[in-house]
Amino acid sequence: MTPTLPTLLVLDADPPPRLGRLTGRARIEHTDAAGLAGRLPAADVLLVWDFASPAVRDAWPGTGPRPRWVHTASAGVDHLMCPELAVSDTVVTNARGVFDQPIAEYVAALVLAVAKDLPRTLELQRERTWRHRETRRVAGTRACVIGSGPIGRAIARTLKALDVTTALVGRVPRTGIHGPGDLDRLISRADWVISAAPLTEQTYGMFDTRRFGVMQPSAVFVNVGRGGLVDEDALAEALRRRWIAGAALDVFATEPLGEDSPLWGLPGLIVSPHMSGDTVGWRDELGSQFVELYERWAAGRPLRNVVDKKRGYVPGH
């Protein structure tokens, strides 16, 4: 008798994942957000390829069968977590490890671009204007990186290579990592305040009017974590009043950022469309990572990148 293949349900996004290596090893089905709730009960595994969609959070509530394992092709899991999933015995994994160095390089590029006034250089070039200016040195400046996971640690390593004195802040203080109690002191001295934290109940809106007021006037704020970490109105006020020198946002509370958003026109703000971790070939890397995890799962071996569903991230590092 032929054994029944596990059902792998994919919440699709364009382009779809390449899962050819799983041919004959899984019954692969695809769904969009509208069809997810109806197909969840029959799935053994759910691959959240459309990692920007809240469809899992909307479809999960209720009783009855649910997938034994959910994998999201993203570092953050806030888009899919809901109370019912958090208390269930379903295992959740994420794409930890894929985006670390690309995001670190992107942050370093932003730091260098701001310090060397490259946005203004490009503006002047378009205007055909020759205007000599002085720029800032990066070496010897201070950075505070909030978020001590793999992405935060990669950012810290990359900035240290530029001779930036870097402090790393995590949820729990330990060797080489500061705790939340040190945050205000560290950001008050930092030239670069870099947000790379997961979005949890504890971190939601953590960068607010008070925190921007703590920063020094020469500070630049960078967010490559999650949009919900930042009170965007408070950031706008801080930039307009020049409480801080500038900011760069790659993530936003609502994405895509609407054409009518006031953030587009704020002085000193660089806006990018959630692309800091997306280098050439990133989708293939995400697909390969999932296939490797599936092979472990099918063989009964422990999964990697298991998320602590109450904390909202992969613990222990």
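## Close-up views of a predicted model

**View 1. A network of salt bridges.** Arg 21, Arg 25 and Glu 295 are joined to one another in a network of salt bridges. A salt bridge here is a side-chain nitrogen of Lys or Arg within 4 Å of a carboxyl oxygen of Asp or Glu. Across the whole structure, a search finds 16 salt bridges.

A word on how to read these views: this is a predicted model, in which local features need pLDDT of at least 70, side-chain atom pairs count only at pLDDT 80 or more, and totals for chains, interfaces and linings use all residues. Residues are numbered from 1 along each chain as its sequence is written, and side-chain values use heavy atoms, with hydrogens and water left out.

**View 2. Glu 29 and Arg 39 meet in a salt bridge.** Their side chains come together at 3.0 Å, N to O. Glu 29 belongs to strand β2 (residues 27–31) and Arg 39 to helix α1 (residues 33–39), so the pair ties together parts that are 10 residues apart in sequence. Helices (H or I, at least four residues) and strands (E, at least two) are DSSP runs, numbered from the N terminus. Glu 29 counts as partly exposed at 25% relative accessibility, and Arg 39 is partly exposed with a relative accessible area of 33%. For these words, buried means under 20% relative accessible area, exposed over 50%, and partly exposed in between (1.4 Å probe, protein chains only).

**View 3. Asp 184 and Arg 211 form a salt bridge.** The N to O distance in this pair is 2.7 Å. Distant parts of the chain are linked here: Asp 184 sits in helix α7 (residues 183–187) and Arg 211 in helix α8, 27 residues apart. Asp 184 counts as partly exposed at 23% relative accessibility, while Arg 211, at 14%, counts as buried.

**View 4. Arg 120 and Glu 127 make another salt bridge.** In this pair the side chains meet at 3.9 Å, N to O. Arg 120 is partly exposed, at 26% relative accessibility. Glu 127 is partly exposed as well, at 47%.

**View 5. Arg 96 is buried yet has no salt bridge.** Look for this residue in the loop between β5 (91–93) and α4. The nearest side chain of opposite charge, Asp 100, is 6.4 Å away; Lys and Arg count as positive and Asp and Glu as negative, while His and the chain ends are not counted. The side chain of Arg 96 does reach the backbone oxygen of Val 314, at 3.3 Å.

**View 6. Ser 148 makes a polar contact with Arg 174.** The two side chains are 3.3 Å apart at this contact. A polar contact is a pair of N or O atoms within 3.5 Å; within protein, one must be able to donate a hydrogen and the other to accept it, and residues adjacent in sequence count only if both atoms are side-chain atoms. Ser 148 lies in the loop between β6 and α6 and counts as buried, at 8% relative accessibility.

**View 7. Strand β8 is covered on both faces.** Trp 192 and Ile 194 on one side, and Val 193 and Ser 195 on the other, are all buried. In a regular strand the side chains alternate between the two faces of the sheet. β8 pairs with β6 in the parallel sense over 4 bridges, and Val 145 stands opposite Ile 194. β8 and β9 also run parallel, joined by 4 bridges, with Trp 192 opposite Val 220. Two strands pair if DSSP finds at least two bridges between them.

**View 8. The largest nonpolar core has 45 residues.** Those with the most contacts inside this core are Leu 8, Ile 155, Ile 194 and Phe 290. A nonpolar core is a set of buried Ala, Val, Leu, Ile, Met, Phe, Trp, Tyr and Cys residues joined through side-chain atoms within 4.5 Å. Elements that give two or more residues to this core include β1 (7–11), α4 (100–115), β8 (192–195) and α10 (282–298). The largest share, 7 residues, comes from α10. Not counting residues up to four places away in sequence, Ile 194 touches Val 107, Ile 155, Leu 159 and Val 222, among others; contact means heavy atoms within 4.5 Å.

**View 9. Tyr 204 is exposed, with a relative accessible area of 61%.** Tyr 204 is found in the loop between β8 and α8 (209–214). The C-alpha atoms of Tyr 204 and Leu 229 are separated by 4.8 Å, although these residues are 25 apart along the chain.
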